[in-house]
Each structure stands twice: as structure tokens, then as C-alpha cells.
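Trainee: Could you walk me through reading this structure, one feature at a time?
Mentor: Gladly; let's look at it together.

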Amino acid sequence: MVATSHDVMPDIELYQPTDEANALALARELGTNGWLLSGGQDTYGWLKDRAKRPGAMIELTRIDAWKGIRETADGIEIGAVTTLTEIAENPLLLSRYGLLAEAAGKVASPQIRNVGTLGGNLCQDTRCWYYRRGLDCYRAGGNLCYADSPEALNREHALFGASRCVAVSPSDTAPALVALDATMVISSASGQRTVDAEDFFIGPAQDILHMTVLRPGEILTAVRIPAAWANAEYYFEKVADRNVWDFALVNIAAAMKVSGGAIEEARMVCGAVECVPRRLRSVESAVRGMPRSEQTAEQVAALATEGARPLNYNHFKVPLMQNLVKRAVRG
Amino acid sequence: MDGEIVRYKRDVWGEEVILGVSWDLLWVVATAILILLAAHAIIMAVLANRKMDKPSSEGRRVNRHHVVDRAFHWIMAVSVLVLIITGTAPILGWRIAWLNIHWIAGLVLTFVVIFHIIRAFFWQDFKSMLLGPRDFGEPFDSAKKPGKYSFEQKGMHWAMTVVVLAVIVTGVVLFLQIDTPFWDRTNSMPEDQLGLMFLLHGLSTLALIALTVTHIYFALRPEKLFYTRSMITGWISEDEMAANHDTSKWSPKEAE
Amino acid sequence: MAYMHIGKDFVPQDAPGKVTGRIKYAEDYARDGMVYARLLSSPIPHARVLDIDASEAMAMDGVFGILTADDVYPDGEPDGTGLKVLTNEPTLIGEPILAVAAVDEKTAEDALERISVTFERLPFVLDPLDSLQEGGPDAYTGGNTYIFRQGFAQVKWTADQVAGFRSGTEPSAEAQQDVSFGDLGQAFSESAFVYESPFSTAGYPHMSMEPRSAFAYWENGKCFLHGSSQSMTPVAEGMAAIVGCPVEDFVFINEATGGGFGQKARPNSIPSMAIPAKFSQKINRPVMMRISREEETFIGGARQGFQGWIKVGFRQDGTMAALDMYIVSDNGGKGGGGDAYSAADAIVVLYQPSAMRFRGTAVGTNTGHRGAQRGPGQNQIAAIIAPLIDKAAEELGIDRLEIRKINAHETGDGNARQAPATSAYMPEALEQASALFNLPERLGRSRARSGSKITGIGIGQGYHDAGRSGMDGIVRLMPDGRLQIHSGVGNLGTYSYAATSRAAAEVLKMPWERCDVIHGRSDRHLPMTSPQDGSNSIFTNTRTNFGAAMDLLDKMKEIAAMDLGGSVEDYDIADERVYQTADDSVGMTFAQVAQRGIELGGKYSGQAEVPEGISDFTRLSVERLAGSALMGIYNDPRHEGNVPGLTVSMIEIELDTETGKYEILDMCSIADCGTVVHPQGLANQLRGGAVWGIGLAGYERHLYDPQNGLPASTGYWQSKIPTLLDVPDNMGTGWVDLPDPENPVGARGIGEPAMGSVSAALVSAISDALDGHFFGAAPITADMIINHLAGTSENAKALAQNNFRG
């Protein structure tokens, strides 16, 4: 019998490793039965509503090695367990990578940012309300998508890249990191690998059950941002129904290297329009060599939404996305 | 493995409905078929000493497969393999964008199968493939030789026919449940019926995998390899025909 | 008039507890041996329970039992719509079917998963017009509407009638309710500007911060129920009946409430609180039932949504000549309220057309149950009518403030359907708001563009009738000279239980620190009063407390005259003494008078001559208090006329045409609510109402998946209640502060209009920023603004309810 409301934490093992090796060993040992717990803002809803039923949680917040913001030879490294508040307020990030600091500062609410972490914000599951309700949809291992029926309520869903599932990436920091050409550091008991931020996220066509490339036993432990994009011209904007405690209807993160009044190189990424942060490659190449101006903005905006396939209630995302591109380009 | 054949899920209002086949069965089927074929290979190896000499592929040749049928066979073979690979990829955790390839291969398979059925009824010797009661004695009597197709070949064909038709019919139903360039899905199929379709598609897929592996195994066996060659070139030698077929039942034309 | 208490700020006695977090809500209580109940609620929008198999759950360690509808209603469930304690015929997802009790919540939750309920699935409907259409599904078994005293009925329109309405034309089907006055045809023919349009407003959940958690136990034949209500004595009396306990043995405990919002006012809208009481009776253990946020969405109810058509006519001089309105209202899964007529009434009071016709049909849907939410009807329509008033002003070349003044409601105004106003000062409120907001200057920058941003200026007006009468009051002068004011008023967060008590302190010139407001538990012997809904409390209960204090004062003077000589007229009071006006050294302290009153007994101590009209509930309280103090007891007579609560709000926004978002730069609200009793309380009402009004106009939603009937907007995030950053930092407040003659301290209520005028002003501002575009909808969300500006649209059904409007 399915009750429609739960809100009661079930029995669950809790591991609180204090060093990396222990955490990675636990992650390997527990495999899919283990649940990585950081700030818990995505976790507790799932568990209390019993829509996900792992046997154990591995709390990552006691591992100091995975926290903090450090300068490296080629940029900066941020531990994945660093809180979003720390990122939003960090002087180093504010001075060189303000794009990420701004994005982190727009996540949810101050209370959530105080406990929520960068890793959690990047790895959080989609907010499709059908999926979150605990329905056995495609993403939950089922065999249909409730969000894409002829009358489904899919105002917050995808314009692009839908394959059976039409859910979108909910993260505000993910587009910023893709725009900054960051690298994700993934650790496991058998070693470490790195993946470009852009390739870290995967869509339903590749894997309908997961939103990142992380395999059981793997943990996102750090994010590296290359010096190449430090102090570029940035633009971040999040449009949500509410100004705090909400997910983006569309967000945009842009990094541009401008010289002599012309854009030399740009990386532009929109969130909440696809299951992964969407690189706007056609816009990026169209603005190359152009000035950051109203005219350029008007010229390139429509490129952003080419190929968009709106659902029942998200047609507004098309002009909204174009408008955000305009704002990013003209600055 | 929890030993279940069917997986269940909750429907939108919380009632239990079929979700599909338990993919643990994939390993059961794979293991079972590999054991069976390995056993067959060992027995054949033991019996090999007593076997007659291999018939010669030299000499006069007779037509066995028309070029159209050979083309059909290989298109079907490729599409089935693509379907199996793309269909099992997500189950095996292989992250490829499999679905579009899967349904395109499925459409190819559907069209060639329809083509084959029409051709078989009107332009081919349909009777040569019919499986009668007398055929069942064939494996137990070394004196009995078949016409164009042996008992095993007919058996494989008809088993394949049933399984492929099941895969196609259920596959087409499932195809209607996804967005394609031709239509938008409606999600109007009741969840229990949808689950049943997934179950039948899964079960027939498992059977198809078993049959395909078996078919490939026999096609690669030394004593059957000339059949595989004939599926490529179209001909077998008269010697091969005489050793394996009853010419009173099958008298093909000489190959050019 | 110079008052000692009225119009002065004070610290209500529960405020420190709320600030420190020490005050107890229902969920905070505990009792030895208590167990925890969890609810199994319907996962299906409309169903019939065929079988419940709880054997596996009952076999679990720590499980004490289940409670089903069969336990609650051994003779069968009551017929008709309306919430039930538990049900076997759920008509909405989340309706409680059964409860299970266990040693802790987790065990109870685990037990729920092992209970198997077999349902028969029945047809369901989510949009009233879909149900009205011939052949459309009905929300209830037996029809799509319920007619009082007649039972379930089916109302059906032809497909053409439904399609015509959806396409925006005047509905042609006969309405359930058809009310009119004046000559409508004549009034429209006199009109220089006529505008007609379809419109829709969203129903949306109440979502009070404190859910309807309840805790109950039985001890020595008495039932103690801790609950969460916005009223006290009316709920105590009604809950006793629902629980099936004699009212004298029933104790309702509810000292503080985390928000009521309309649907916690009356017992029949919170019957789920009877679950732990019934359960406790069955298993003989104290039962705590915590209600989760999501459960609160389902059992907490929602505002009625409107699918409407409106036609208004204005004469060249700006007066509203005619109003013609047709509303199909969404009654939800358990029957609804009277929002639609109240909407028409609000327009009639605020703008006073010469002729009016209202037609209304209420239809059930298998969505959240509907009932009164702050300004039910008045506040939905406020957001629709405001931009139409602006349109008329623009078309007729009249100033936007002026057209509102031309039509303004004033003292004595009434019509064939509405009694004359006891007092009303709308022109003054408009002027005061205009001055505070510097309206003329702001109107000068209306529609000004700066980059992608446009300035919009909005004016809104709110109305709700705001006062009742006929209730009871009890005050006691204790032997130690303290004044105990017994209040049956609920503590819904407005502090009106305390503010209204100050009328008694005022009469007796008692320092506030020498007064105790006795409230919060029905066994504290409280007088019956009207529920804390309909913005009535301040009017109703200052009357009763004033009256009870006057009765006490008379008795005090009688005793003084009796003991010290002279007549009653020779005495006055001051500084807690009754003294002779001729020689103030001759007198008695309040303590002495109280002691004498007890000695004298009879009418002085509540043992005789109790006013005849008091309710049974009050009489029981008086009986229990009799002999304990010198008592003032009062049964309030009825008042004459309509008591209006009126507000004016003004808003300036900057709307970003590229994002569909707007920032409220500044706003103010002015109240016309008679004499102000508690300025801080009133300012808070105005600010709280503003947040809520912003929610109605711009945010809050009620969504159900059309295919499967699943609720999408459960909880605070999905309901889109405005957050701190969605409302302005500064909300100016003010009040007219002119006394109402029907209230002894001059007060009228204000709770509900405080919200409506802000909804109206915000929609008016959005419309202004978009060149007067009339969305005909509330809320107006960012996507709607983007679509309007970009010329895009969604695949939305026109006038859809419980859905997006695109």
C-alpha cells in the first residue's frame, strides 16, 4: 500500500568516516546500497518519503580533505564538501571566479546554502515533481514518463535533449562550472579520475537513471577551475518564480574573454532547459569577434533555442532563454 | 539474483502492476545457453572420430539461397544484433544513446520481416520450410535425409519466426509509447498493459538472444560452415548436397 | 476620545513565549504512555474502499491498532459532501482512510506499508467545466454538486455551452444561483464604457505554518484534545459533538495556533482532529497525531477557484452603472463555500453599481477540499476588478484615484441586497493612501521605461463585512482585585483574543498588568463567541467584553452604594477603587468590592440572574465559576447595519520585460476599520495581508496532473508562497481611525480586506506596466508575462482550474 505522505525517517545505517580512505572503502563496500550524504538537502526528502530506500548513508562532511578552496598551479581547487555559503563569500572566488560565487549565492535559501555543499548541488537529483512524488517513472527505473503526456504539468521541464524522460538539471552551480571549463575530480577506492564538467552530467539518452557519470563507489571529491578563465567577463542570472528558495525556470552562466572591445572566446551555458547544463555552442561561435553590444545580443539570441522542443507548458522558456542570452551578451 | 521472472512496480496510484522482465534472467539465459553449447561442442568433439569424411566443396555447385534471400538474412542478422546490443546496453550499464538506434533497427527488422513473409508466401517454395510430423523422426534415423532444410534448420527457422514476431509486435507497441519524428507519445496505455508489453518484449528478447547465440554457434560449426558459406555465396556443392540432403525431396538448379 | 487602552500598543501575554519558542502548540505536548498515529490516506482521486487488510500490520511489535471509518461511523458515514473524520469513499487524493497507532512514528509508518487497501477506482474530474459538460465525470458518487437540504445533484451543460464559455462568451446555461437588483439593461445602456471578459482565479491551499496536528487522551471519562484551531469556544463545542463526548466532559486545549487562514475556524473544517480522540478512546492510550506538511495540503483545504465571466458598465461621469457576473466555482472534493456570491457582493459594496446580476454555479472536483480562505471571494475578485476600474478610468479620461472616489463606499451606503454601512470612509482612505504614497508623483512615472524595465503603479481596494454580534462575555473581579477577562476567542496569531479583552480593561480603567486574559483551554470556563473568521473578532468581542465589564461596573457601584450609602449614580471608578464622586475618600478597593460580591452571592457572583440569552456553553462556564468572584456576565444584543472593513493599497513595481519578473519598489496600505484598538496588531494585519495578497496576485497555485489526478503543489515550495525576497522591504501602513457607532469602542474588523486590496493593487500595477493589458487571471506568473510579451503561448485550456493558465 502506498500512502501519499510519509515524512518519517526510516531506519538507516549511518557511517561518518573522518578520512578519505575510509569513506572510499565504504562507498565501494556499500555500492548501490550506500547513499552519499553531504548537506542532506536533497537526501532527507527522498528518504523520509521513502521514495528511495538505501540501506546506509555515508556522511562526507567530516572529511576535511574534501573541504575548502585552494589555489593550485593552474587555477583553483574546491573541495566538493565545501558549503555553498563559503563559496559565495570566498574572497578568492569573488575576485577571480565571481561567476561561481554568484551562482552559489543564488542557490535555494541562506539556510540551505549554509549546509548545502557544492558537490551536493552538482550531484542533486532532478526536481521533476512526478519523479519526486515517488512515482515509478523511467528515471526511477519504471517504464514511462508521467511528465510528458498530452496534458502533463511540465512547465519546469526540458526544451532539449529529452529521451523518454523530460526532467531538467536543477543546479545553479553546474552551468557556472561548465562555463568556467572546470574539471571534476572523482575518487574511488581504486583511484582517481577526472572528467570535464561538461561531460560529468549525462542525459537520459545515455542513462535514464543517473544524472552524472558517477558509478557506485565513486565520490565527487573536488572541482578544479583552470586559470584560463580567471577574471574573464562573467554573467550569471537565475530566473525563478520566487527570489529565494526556488529552482531556476532558466538560468544562464557565461564567461567571455573580451579584448579590444570584441569577444575573443566565450562559453555560455543554460540550466533548467535540459537534463544536463546546456552549452550554447552556436551562440558561443556566433559572438566570437563581435562586440558585447545590444546589436550582437539581438543577432545571436535566437540561435540559443534552435532545436528546442517545448512541451505543454514550457513554451515561455524559449523567449526567456533568448532574453537571458541577450542580457549575457550585452552585459 | 532473487529468482524472479517478472518485475513489478507501483502504478501512478500505488497499485502493483507488471513492470517487465527481470533482467537477472539475462544472466540465467546466457549461462544456460553457453553451458548447453559447450556440452554440444564437447560431445561433437568426442564423436568427431567416428564421423564420415567431410564432403568436398569442389565440383559442381547447386543453388541454395537466392541473392534476395541472402540479403534479407544478413539485413535481419545485423538488425537483430544491433537490437540486442542496444537493448541490453542500458541493462549492462553501457552508457550509449541507444534508443534511437534501437527503434531504427527495429523498424528495419520489421520491414524486412514483412518483406520476407510476403516473399515466402508468393515467390518461395513455402513447403520446403514446413515442419511435418515425419520431420521429427529425422534426427533419430541416420538413414533419413531431409529435403532443402533439415529438421534443425526448420526448427530454428520457426522458433526464430515466433520469437522475432513476438519481439516485433511488442516492440511496435512500445515504439508507439515514445516520442519519434512521426508522432508524440500519448501515455494513454494503461500501466498494467504497458507492463505486460514490456514483459513480453523482454521475454521474447531473452529467447531471441538464446536463439541467436545458438544459431551463430551452429553456423560456425565446422560441419555446418558450408551452409553459412551458402548464405553468403548462394551455393553448395553437389557433394555437400548428396551428403546432407535427399535429392528426391530437393532438386535445386545448378549454380551458374 | 481619550482612551487608557484602546489605540495603544501592548505586549500580549503569549508574545514572549512565541519569541522564545517556549509556547506550546498541539504537537509539543506529551503524556505518559502516549502512542503515535499515522494516517493512511487515499492515493486515488475518487474511489471506494472495498477491503482493508491490516493483519500483517497488527501482528507487528509495537502496533496498537487501527482506526477506520467504520469505527468512527458505526451507523454509516454521513450523507453529503463535507469533510469526514475518516472515510471509505475518498473524493480526493490525501483524504484520510484510516489511522494506525504504534509505539513510535516510525513503527506506525512501517505498519502503514503493510496495510493493504483494496480500492474500486471511480471516475474523477479536476476542472469544474469538464464536469459540467454533458457526459463529463462527477466528483462525487451521486453527482457533481450538493444542494443543501436536497442532496447530491448533477448539473450539466451542453458541449456548446461549455465551449462557448471557454472561448470567452457569456455563459448561456442556467445558473444554480441567480441574484439581481436594478434594471441591468437600462444601466448598460446608460454606460459610456462597457467591458466584458472571461476570467479565472486559482484556488490554492491554506498552508498554515502549524499543520492540523492533534493529541488526545481520555481520563476519568473526560476527553482532552490538544488541537490547532483559529477559534476556541465554537470549536470546543463542535468538536465535542464530532468526538461524541458531552460538552461538559470535553476539554479543548489550544493556547497558540500557527496560523488558521479560514479553514481552522470551525469544527466541521477540521474534523481530522477527532481522529486521536476517537483512537484514544478505542485503544485506551494517549494518541499523538502529527500532520506532515504534505498531509496538511490535503486536509487543510484550499480557496475556491473561479471560472468566470464579467461585464461592467461605467457612465461618462465615472460611476459604475452595471455589473453582470457569472462564476463557476470549484467546490473541490468535499464541497465548498460561498466565495462566488461574496465576490459579487464585494464589487457591489466597493463600487455601488445601480444594477447588478450575479449568476453562480458551484461544481465539485476531485481536488483539495474548499472552504473559506482570507477574503473568500472578495479577495479573488479584487485582483480581477482592479485593472478593469483602471481601464474604465483610462477610457473615460478620469484620474485613476478619482474614479475610485466617485464610486466610493460611505456611511449609510447600501442597496437592495446589502444593509446600509454602519460607517465607511473609503474616500478618506483613498486620500490618505494617496498622500502617504505620494500617488500623483508616482502616477507621473507610470509606464516609464528604463532599459528592459517598465514602471507600473497600482491601486487596490479591499472589502469584507467585518463584525458580528449576539455573543457572550464573562469578566471576573477577583478577591485580590485583579480583573480576569474570559475570552472564548482563538489565538490565531493576530492577538485579537487579547486586544478585544482590552475593551473590558478600558471600561474598568484597569492597568493592563492587573488584568489576566483567561483563554486557550475550554475548561477555563470561557464564554461562547463567534468563530474567528469573517474579520469579525474585534467588532464582536469588544462588544461582549465591553458589555460584560459594564455589567461588572454596575454591580460594583451597586455594592458600593449598598455598603457606603448613596445611589449608584453617586459612584465612579479610578485607580482600582469605587468611590463617591462627591468625596473620593469614600470608596472601596476593587479587591474589597470583589470580596463583598462573593459574600453577597446571587447575581454578584454569578449564582443568579444570569442573562437569559447566553448560550448553553457560556451558561456552563458561568455555573462553574459561580461564587468565585464578582462577575460581569453579558449577552450582546444584535447590531444594525452592515459593518464594513475597508482597505486601500498602492503599489509601485518595476517589471522586467525580459524575465517576466517584477520588483515591488514600494507599497502602502490604509485601513478603514473604525477606531484602532491595537495599532501594532493592525499594522501586522496589513503587512501579513500584503504578503498573502502578493501570493494571490502573483504566485500561489494549485496544480493537479490532469491525466492521473495527482496533486503537484504539495508543500511550501511547490505552492509558491511568496518569500521574504518577493515582498517589499517597506510596507507603509496607516488608518483612518474614525469610530463606528455600532461598536462601544468604535472598532470594525480588517483582517480579510488587508489582503484583497494588495492583490488588487499588484494586478493593477502589472496591468499598468503592460499598457493596461487585462490578463483576466490571478495569479499572474512570470511565464504568463513572458508569453504575453513574446507572443508565445502554452497548450493551456482556457479558464482551466487546478492547472497552469499559460
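Trainee: How many bridges join β1(A) to β3 of chain A?
Mentor: In general, strands of a sheet pair through backbone hydrogen bonds, either parallel or antiparallel. Here, three bridges join β1(A) to β3(A), residues 56-59, and the two strands run parallel. Two strands pair if DSSP finds at least two bridges between them; strands are DSSP runs of E of at least two residues, helices are runs of H or I of at least four, and both are numbered from the N terminus.

Trainee: What should I know about the model and its labels before going on?
Mentor: This is a predicted model, in which local features need pLDDT of at least 70 and side-chain atom pairs count only at pLDDT 80 or more, while totals for chains, interfaces and linings use all residues. Residues are numbered from 1 along each chain as its sequence is written, with chains lettered from A and ligands numbered from 1 in the order in which they are written.

Trainee: In what order do the three strands of the open sheet lie?
Mentor: The order is β1-β3-β2 in chain A, with parallel pairing. At the edges sit β1 (13-15) and β2 (34-37) of chain A, each pairing on one side only. From one strand to the next, the twist averages 25°.

Trainee: Which helix packs on the sheet?
Mentor: Helix α1 of chain A, residues 20-30, touches β1, β2 and β3 of that chain, and its direction makes about 160° with that of β3(A). Contact requires C-beta atoms, placed from the backbone, within 7 Å. Angles run from 0 to 180 degrees between N-to-C directions, using axes fitted to C-alpha atoms, for helices over the stretch in contact.

Trainee: How many helices and strands does chain B have?
Mentor: Chain B has seven helices and four strands. Along the sequence they follow β-β-α-β-α-α-α-α-α-β-α. The C-alpha atoms of chain B fill a box of roughly 70 × 40 × 35 Å along the principal axes.

Trainee: How many residues of chain C are in contact with chain B?
Mentor: Five residues of chain C meet four residues of chain B. The chain C side has three nonpolar, two polar and no charged residues. Nonpolar covers Ala, Val, Leu, Ile, Met, Phe, Trp, Tyr, Cys and Pro; charged covers Asp, Glu, Lys and Arg; the others, Gly among them, are polar.

Methods
Two residues are in contact if their C-beta atoms, placed from the backbone, lie within 7 Å.
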